[in-house]
Amino acid sequence: NDTVSVAAVRSTRRAAPGGAGEEIVFTVEKGERRRVPLRVEGIEALPRRSVLRGADVPDELGGTDPAVLAPVKGRIEKYYQQRGYMDAVVNFQVSQKHGKDRILAQVSEGPLLRLGGVAVVTGDVAMPDGLADQLGAGRGQPFTADLVEKIRAEVSDRFSAGGYLVESIEVRQTRSGEQVDLEVTPRLGGPYELDNVVVIGRFATRPSVMRRLIPLQGDRPLDMNGVYRAESGLYSSGIFENVSIEVPAVYGQENARNAVFNLREAPRYTFGYGLGYQEWEKVRGLVEINDGNFLGRGWNAGLLFRLSEKKALVQLSFFDEQILLGKYPFTLSIYALQEDQISYKSQQLSIFAQTSKPLSPISTLFFRLGFENIKNYDLQASYDPSELTREEEPLTLTSFSVNYLRDTRDSLVDPERGTVGSVSVAVAPNIFGVNTGFVKLF
């Protein structure tokens, strides 16, 4: 913890429970909780607030030790380097005022470096058409490590698409003032032609799905990046648990290769069940089955039953990543419930469908269509409509909504920085037998 000093750490050995070896126990003695004010100076070239927020610079630190200061130094310097200030350096000065420590972080920004020329050294190999113009378009951009990796990837992609095996790429930097020139030297093998695509394995997936997952064709240049993309797509589909790829030479054809995919499907079915008891429902049971490759099309379909003396529930679910127009996901859920209440019986039917369209790596549009119908019947003498909750009232409702989501968190599981924002507009018109309507903005 940045605000807690560690006074001492002691270790002891003792027999592990059950006598299986030994275990080491570390005992940490916490010292005084410290909060040392931090002041940052020297920020001029970039917006001060953006630097402090982007580098996650706190107002106070937990001490003046190098172990506390080093992470702050690294975050500030990295923030500058990601924006072209490769010479940025942070130095700390520790002083005291009225007997209390103070820390000054002095930022030396250095010049903004920009990309100059990019020369690709290929020897006797011809440059792919348009590559020089593509690389030249980046001239004048802030010079960063990410930009170098982008150039490396562009060179690799273009030569790979031409049938070459890119064994390695060496990048040399030459700095002249505030400009950095690059010399890119790819080590190439080939070029090779792709003779045949061979798929080995027994599986239920349909040929049309396999052609979508492995969009490679023979009698064309061997594109190894395309081969790797196909491998990634096979795994991400969730259909296959093992994918191995070989690119052997074709007998008698020195410059030809085959792409051999050896596949093993993952188990398709998941079966779940449960049994329980509740005072009102009495004995209740649940059975659920899920097919991760429904009809051999890579669809995910599920069926759930829940049954008791007072309640019967059936739920159907369906999902596919690219079923709409071959590129958009689609989710469908149908939920039917019949339930006995104390003074009446209830039937509920809900249908929900959703698709989405990514707008950027951090923003997505969601489109949702829903239908809900609730009926109450077999009303007893003790039935009182005023006692119904909002979710139990008789209802027929059709709704359509559009939701915009923007998520800049650095991790969905354990985020340290970023924001999440959404805007949703929902409309429920008085059509198709609907007995209530609304327009909602959230």
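Q: In this predicted model, which strand gives the most to the nonpolar patch?
A: The nonpolar surface patch, of about 820 Å², is made by Tyr 269, Phe 271, Tyr 273, Val 287, Ile 289, Phe 305, Val 314 and Leu 316. Two or more of these residues come from each of strand E15 (269-278), E16 and E18. With three residues, the strand that gives the most to the patch is E15.

Q: Is Ile 289 buried, partly exposed or exposed?
A: Ile 289, which has its place in strand E16, is one of the residues that make the nonpolar surface patch. Partly exposed residues lie between the buried ones, under 20% relative accessible area, and the exposed ones, over 50%. Because its relative accessibility is 38%, Ile 289 counts as partly exposed.

Q: What is the phi of Lys 282?
A: Most residues other than glycine have a negative phi. Lys 282, whose place is in strand E16, is partly exposed at a relative accessible area of 34%. Although Lys 282 is not a glycine, its phi is positive, at about 70 degrees.

Q: Where is the place of Asp 378?
A: Asp 378 is a residue other than glycine with a positive phi, near 50 degrees. Its relative accessibility is 43%, so Asp 378 counts as partly exposed. The place of Asp 378 is in the loop between E21 and E22.

Q: What volume does the largest pocket have?
A: The largest pocket is lined by 24 residues, and those nearest its centre are Glu 372, Leu 397, Ser 399, Phe 438 and Lys 440. At least two residues of this lining are supplied by each of strand E20 (345-360), strand E21 (363-377), strand E22 (395-407), strand E23 (420-428) and strand E24 (438-441). The volume of the largest pocket is about 680 Å³.

Q: How many residues in the lining of the largest pocket are charged?
A: Glu 372 and Lys 440 are among the residues nearest the centre of the largest pocket, and both Glu and Lys count as charged. The lining also holds 11 nonpolar and seven polar residues. The number of charged residues in this lining is six.

Q: Which element gives the largest share of the lining of the second largest pocket?
A: About 440 Å³ of space lies in the second largest pocket, and of the 21 residues that line this pocket, the closest to its centre are Ser 236, Ser 237, Gly 238, Gly 298 and Glu 321. The lining divides into six nonpolar, 11 polar and four charged residues. Helix H5 (207-213), helix H6 (224-236), strand E16 (282-294) and strand E18 (311-324) each supply at least two residues of the lining. The largest share, four residues, comes from E18.

Methods
Residues are numbered from 1 along each chain as its sequence is written. This is a predicted model: local features need pLDDT of at least 70, side-chain atom pairs count only at pLDDT 80 or more; totals for chains, interfaces and linings use all residues. Side-chain values use heavy atoms; hydrogens and water are left out. On a 1 Å grid over the protein atoms alone, a cavity is a set of points where a 1.4 Å probe fits but cannot get out, and a pocket is an open set with protein on both sides within 12 Å along at least five of seven lines; lining residues have an atom within 4 Å of a point. Grid points are joined across faces, edges and corners, and a volume is the space filled by probe spheres set on the points. Patches are made of residues with over 30% relative accessible area and no salt bridge: like charges are joined within 9 Å, nonpolar side chains (Val, Leu, Ile, Met, Phe, Trp, Tyr) within 5 Å. Accessible areas come from the Shrake-Rupley method with a 1.4 Å probe; for residues, only the protein chains shown count as cover. A salt bridge is a side-chain nitrogen of Lys or Arg within 4 Å of a carboxyl oxygen of Asp or Glu. Buried means under 20% relative accessible area, exposed over 50%, partly exposed in between (1.4 Å probe, protein chains only).
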